[in-house]
Each structure stands twice: as structure tokens, then as C-alpha cells.
Amino acid sequence: MSGAFSHDRHSRFPRPRSRTIGVVRLQFTNTQTFVWVPVLVLGGVWLITLIVYWIISASGVEGPMYSGGSQAPLWYFAVVGAQAMNLTFYFSQAMSLTRREFCLGSLVAAAISAVGISLVFVLLGLIEQATDGYGINGYFAYLPWLWEAGPLAAGLTYFVLTMLWFVLGFWFAIAYKRFGPLILTISLLVIALLILGGAALISANQAWPEVWLWFVSAEATGLALWAAALCTVFAAGSYLTLRRLTT
Amino acid sequence: MTSVIEVRHLTKTYKTTTALDDVSLSIEADSIYGLLGRNGAGKTTLMSILTAQNFATSGEVEVFGEHPYENARVLNRMCFVRESQKYPDDSTARHALAGARLFFPRWDQAFAEELVADFRLPLKTPIKKLSRGQQSAIGVIIGLASRAEITFFDEPYLGFDAVARQLFYDHLIADYAECPRTILLSSHLIDEVADLIENVIVIDHGRIIMDEPTDAVRGRAVNIVGDADSIQRLVAGREVIHRETLGRVASVTMLGRLSEVDRHYIAEANLDLTPVSLQQLVVRSTRDETAEHTDSDTDVRSLQP
């Protein structure tokens with residue numbers, strides 16, 4: 001029975017110096033959410049994309065092939081964010097943690113996971129760059145627009161976007177627990193209407209070309225900075241919503 | 001004695017209900033408190049607010065002289081595992097205990113292992129596949145082995161069989177003797193915990209209706225066993241809160257203390273005095289919150305022949 005604990009029975013267990021680091025370890029207790037499923041999503045989509053590229057190139061189509069498959073793990077990080085909240089918050093309260101410690105620790109855990117997935121992304125991109133798209137001119141990670149400023153900038157952009165989706169999922173899960181499904185749905189609808197309103201405004205002013213121009217001129221790194229700013233805002237929003245959440 | 005928890009005029013209202021109504025309490029260090037009351041009386045709400053898991057509508061809470069909300073310094077010294085604690089999905093008891101080991105500064109690993117063996121808790125089964133009693137055991141083990149300076153047990157024995165409950169009580173008392181700390185145990189199995197708790201707090205409809213040392217509560221009534229007729233003569237005119245009869249033998253609990261004359265009569269009539277059931281007293285005070293009025297006048301009444 002006690003075999004699981006047989007080590008260091010008599011010595012003091014090395015406790016994390018900070019309880020926030022403890023939250024990171026708590027989040028990684030469940031390796032499925034933070035490690036295996038993201039790896040599986042990335043690996044799975046990569047494999048499928050390669051097979052599609054192979055079929056296309058086998059049928060004699062020339063020219064480079066690009067796909068948006070590498071963004072699949074980004075979306076999944078919204079799920080990771082929601083899981084980090086739903087699965088661990090109530091236990092963290094039983095561990096006498098403050099909401100601040102839980103929030104920070106969860107963000108650090110997500111950052112570690114996002115760094116890992118971004119490294120894989122950069123590595124794939126470098127391989128594609130070196131092998132001219134696996135020899136068949138097919139690119140999964142090496143997207144020119146993203147890689148314009150080099151591998152570091154590409155990795156950073158990928159990292160920030162991953163974090164953005166995590167924080168969004170995290171915040172929505174908190175809002176759901178705090179306000180319930182009705183208010184969450186209403187606020188989602190309001191956000192959708194606001195975005196549509198913005199789009200209508202741009203259309204009415206026939207400003208779409210300028211908007212696209214802005215996106216292109218902002219470049220990947222510029223976009224990453226904007227996304228980082230949004231991340232900060234959403235993270236602050238998450239903490240403020242979590243502050244008054246009861247168990 | 002120093003107080004570790006001070007609660008002043010604490011009120012918690014939800015949209016339609018009042019969970020806590022002007023509660024004022026003082027909890028002393030190194031003592032076991034029984035927080036008793038019916039379901040929905042406000043026990044869990046009170047514990048949640050004390051551990052900053054819930055928020056007061058009005059009133060003040062101080063734990064170790066500070067407000068517990070978002071206060072790691074204070075929370076660090078407390079442990080509150082809920083009656084139906086939620087654990088991370090797919091986590092096992094081993095994960096939960098490893099987590100507790102990370103966060104509770106006074107955690108005793110050897111003690112935790114002993115408890116795991118005693119409660120026969122499977123460590124590798126996902127928690128959601130454990131039986132209700134086994135899930136409760138996780139909470140009990142965390143609560144005991146964390147050795148937090150203030151430990152809350154909220155109906156910790158849900159799904160426990162009699163053996164597991166006794167194990168919990170025995171471990172609690174033994175470990176408390178070794179490592180004195182403040183324990184708040186909420187329960188509705190009043191007679192089972194009666195011998196553990198040094199202080200009784202009874203809460204009903206969100207109000208504190210009793211907050212006294214257990215001995216003082218017990219001293220408010222006497223239980224007499226013996227010949228039904230003889231007992232009838234003794235208790236005539238007094239407030240009887242519980243009566244059981246079997247043939248000619250009766251067991252009667254009545255409010256008030258015994259006078260010298262009473263004791264003499266009891267000896268002559270061959271009646272026995274037995275320990276008063278705390279449960280009877282609590283049930284009575286919960287049923288009728290104006291219990292106080294009977295205290296003074298039954299005390300002085302003498303035996304009516």
C-alpha cells in the first residue's frame with residue numbers, strides 16, 4: 001500500500017519555494033491535458049497534412065503547398081484553458097491556495113506547455129526549410145509570412161497566439177462558473193454582434209483594403225505584440241472574474 | 001487560551017435565503033469544536049467563509065488576526081476539504097495526496113501512509129471510480145495528515161461504514177493528543193462525535209443557538225434509568241426532553257440539575273444516573289429555540305412526592 005510513498009519517508013519533502021510553482025506542478029499532475037493531447041493534436045494534424053501533400057504531389061501538381069493545419073493546436077489550447085480551470089480550481093481551493101496563486105500558476109503551466117509546442121513548431125519549420133518541404137515542396141510549419149523575421153520571431157508569434165487561446169478558454173470557463181450559461185451565452189452574442197458591427201462599419205466606409213494593408217504591414221511580429229497585449233488584458237480579466245468566484 | 005478565529009455579525013444572504021444570520025463566534029486555539037445543526041443550517045457556508053472560499057454579505061471574519069481572503073499567510077495554516085470535494089479529472093488518490101504534501105507545511109507523510117493503509121484506500125484508481133466512502137477517506141486523510149493549525153471537517157464520513165467512522169474518530173483523538181490544534185468538525189451524527197468534541201456550537205436557520213463547552217451543555221440535563229413509576233415521581237413537573245420505556249423500566253432525560261433531595265431519592269429508589277445524550281439536548285434546542293427560559297426555573301425545583 002505504502003510503496004508509492006516509499007522514498008524519503010523520513011527526510012523533509014522538498015516543497016516548492018513558491019506556492020505558485022506548486023500550482024504548476026498540480027496542473028502537470030494531469031499530463032493528458034497539458035502534454036499528451038496537444039502533442040497528439042500537433043502530431044496528428046502534421047501527419048494528415050503530409051499525407052495530403054504526398055497525394056497531391058504524387059498526382060503531379062507542382063509548386064509549394066501551404067496549409068493552416070499547424071494552427072490546430074492553437075484552438076486546442078482554448079480547451080486546455082477551460083480544463084485548467086474546471087479540473088483544478090476546486091482542488092486548489094481545498095489546498096488552501098489563494099485565487100491569485102492559482103491564476104498565476106495556471107498561466108505559468110500554460111506558458112511551459114506553449115513553449116514546448118512552439119519549439120516543436122519551429123523545429124518542424126527548420127526541417128521544412130532545410131529539406132525544401134520534405135522534398136515535395138509541402139509546408140506545414142514554414143509559412144513564409146510567419147517566418148519573414150526568422151525562426152525566433154515565428155516561434156514567438158506561435159507562442160503568443162497559443163497563450164492567447166489558452167487565456168480565452170480559461171476566462172470563459174471562469175465566467176461560466178461565475179455567471180452561469182445564460183449570461184455567458186448572452187455576452188458571447190453581444191461580442192459577436194460588436195464584431196459584426198465593426199465589420200459593417202468597415203464595409204460602409206469601404207475601408208477593407210486599408211484593414212488588410214494594416215494586417216500585412218503589421219507583419220507577424222507586430223501581430224504577436226498585439227496578441228501579447230490582448231493576452232495581458234484577458235489574463236487580468238480572468239483574475240478579476242476569479243476573485244469573486246465561490247466554490 | 002487565545003482565539004484563532006473571530007467572527008462578528010457575519011451575515012450571508014443569497015437571493016431568496018439567509019444562510020447565516022448575524023453570527024458572532026470566537027474559536028479558541030487547540031480545541032475540538034463540534035459544529036452541529038440540521039442540513040441546510042449554514043454549517044458549510046460558515047466554514048467556506050472562514051476559509052475564504054465564499055464571501056460574507058456583511059460582518060467581519062478574522063483568522064489569526066487577519067482577513068483570510070487572498071491571504072496566503074493565513075490560508076497556509078488552514079485545511080478545509082469539503083464533503084464532496086472535487087478533484088482534478090482522472091486524478092488518483094495518490095495525486096491528491098501528493099498535492100496536499102506540496103501545499104501543507106506541516107504535512108506528515110508517514111502518518112498519511114498509515115491512514116491510507118488503515119482506510120484501505122486504493123491509490124491508483126481514478127478518484128471518480130472510487131466508492132463514496134473511499135472518496136471521503138481521501139478528504140479525511142488530507143485533513144488529518146496536513147496537521148493544519150485549523151482543520152475543518154465538514155461531514156467527513158459520508159459513505160463511511162461504522163468501522164471507518166470509528167477509525168476516523170480514533171485517529172482524530174490520538175493525533176490531536178500528539179499534535180494539539182484547532183479542529184472544527186461538522187456533523188449530524190451528534191452522539192457519535194459527542195465524546196470527541198470539547199465545545200458545542202449549534203447552528204439553526206443560520207443562527208448560533210448554542211455555543212458552550214460540551215460539559216456545560218451536558219450539565220443542563222440528567223438522565224435517569226430505573227423503575228418507571230419511581231422515575232415518574234422524580235420527574236413530575238419538570239421538563240422531560242426524552243423518554244424511553246421498556247416494560248417497567250424507563251430511561252428519562254430531564255432538564256435541570258439534581259438537588260440533594262433528588263440524589264437521596266435516586267439512591268433510595270435504586271435508580272441509575274447515566275450520561276445524557278448530547279443529541280437529545282441538541283435536537284431539543286433546534287426544535288425549540290427558546291430553550292433558555294426553562295433553565296433557571298427547573299434548577300431550583302425540588303422533588304415532589
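In this predicted model, strand β1 of chain B, spanning residues 3-13, pairs with β2(B) in the antiparallel sense through seven bridges. Within this pairing, B:L10 lies opposite B:V23 of β2(B).

The pairing belongs to an open sheet of three strands in chain B, ordered β2-β1-β4 and antiparallel in its pairing. From one strand to the next, the twist averages 15 degrees.

The helix packing concerns chain A. Two packed helices are described by the angle between their axes and the distance between the axes. Helix α1 of chain A (residues 19-27) and helix α4 of chain A (residues 99-130) have axes that come within 8 Å and cross at roughly 55 degrees. An angle of 65 to 115 degrees would count as roughly perpendicular and one under 35 degrees as roughly parallel; α1(A) and α4(A) are therefore oblique to each other. The crossing of α1(A) past α4(A) is right-handed.

| Helix | Residues in the contact |
|---|---|
| α1(A) | A:R19, A:T20, A:G22, A:V23, A:V24 and A:Q27 |
| α4(A) | A:E101, A:F102, A:L104, A:G105, A:S106, A:V108, A:A109 and A:I112 |

Note on methods: Residues numbered from 1 in each chain as written. Chains lettered and ligands numbered in written order. Predicted model: local features only at pLDDT ≥ 70, side-chain atom pairs only at ≥ 80, totals over all residues. Pairing = 2+ DSSP bridges. Helix = DSSP H or I, 4+ residues; strand = E, 2+ residues; numbered from the N terminus. Axes fitted to C-alpha atoms, helices over the stretch in contact; angles between N-to-C directions. Parallel < 35°, antiparallel > 145°, perpendicular 65-115°, else oblique. Left-handed = near helix turned anticlockwise from the far one by under 90°. Contact = placed C-beta atoms within 7 Å.
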